Amino acid sequence: MSGLLLDPWFYAAAIPAVILVGLSKGGFGGAVGFVGVPLMALTMPPVQAAAILLPILCLMDIVSVWTWRGVYDRKMLVDMMPGAVIGICLGWLTAALVTEEAVRLIVGAVAIIFVLRWLYLQFRHGADHAVAPNRAAAALWGTVAGFTSFVAHVGGPPFQVYALPIRLDPKILSGTAAIFFAATNALKLIPYFALGQFDTANLTASAVLMPLAPLSTIAGAWLVRRMRPETFYPFTYATVAVVALKLLWDGIAGLM
């Protein structure tokens, strides 16, 4: 058995990480799922943490897509997915050049500006203000989401920068996000395998944590189905703000 699986600190970090990511995959907490890799990285290298988490994410995606089946916004997916594919390819090509700290710093800065902009619009236009879909913006943020998802599994904030201001019904937003990230994570399996990240030790660790994936994802979906839009959106923006501050902190600390 791998020494990692005999380390109690591995379970102390990995179990909460998988549960939080699963809740996010179910639609509850939005971008808060970013904590998965940083939490697990407390007991192992970040690249190994990302590799162990990816097969678990794929299982969560299957559960999430099934849970939200038939509930999604087709136009948003059509507009964002080509950019996501480009972003994943860019992440693969620059894997040896771009540090996770730099990605966290950039995503954190973008996300905090996004939240501040939302607060300004709420003050100026009211809580029900929504923006119209924009194909160019969707392609841009789809690319950013694909890139940051590949590098550090932090695709949630860029996706929400585009998706949240449109103010879809929470169930439709959750279903759309489920399909978007199911597709991006499935595509990421190919370059992760090519980079040699799926060795026996990492796959064994993934298998041990797998039972938590469907339970936590279903729990997240259960919570979203019972939240009203006027509660869901402020809560989700608040989680994005917390995520942004943590990303900024980690990015600055890593570059110093």
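I began with Leu90, which is partly exposed at a relative accessible area of 40% (buried means under 20%, exposed over 50%, partly exposed in between, with a 1.4 Å probe and protein chains only). I noted that this is a predicted model, where local features need pLDDT of at least 70, side-chain atom pairs count only at pLDDT 80 or more, and totals for chains, interfaces and linings use all residues. Residues are numbered from 1 along each chain as its sequence is written, and side-chain values use heavy atoms, leaving out hydrogens and water.

Next I placed Leu90 in helix 4, residues 74-93 (helices are DSSP runs of H or I with at least four residues, numbered from the N terminus).

I then turned to helix 7, residues 156-163, and found eight of its eight residues buried. Among them are Pro157, Phe159 and Tyr162.

Helix 8 came next: residues 170-194 make 25 residues, and the first and last C-alpha atoms are 36 Å apart, close to the 36 Å expected at 1.5 Å a residue (the expected span is 1.5 Å times one less than the number of residues). At its N-terminal end I found Asp169 as a cap, with a side-chain oxygen 2.8 Å from the backbone nitrogen of Lys171.

For residues 172-195 I noted 96% helix, 0% strand and 35 Å between the end C-alpha atoms.

Terms used:
Helices (H or I, at least four residues) and strands (E, at least two) are DSSP runs, numbered from the N terminus. A polar contact is a pair of N or O atoms within 3.5 Å; within protein, one must be able to donate a hydrogen and the other to accept it, and residues adjacent in sequence count only if both atoms are side-chain atoms.
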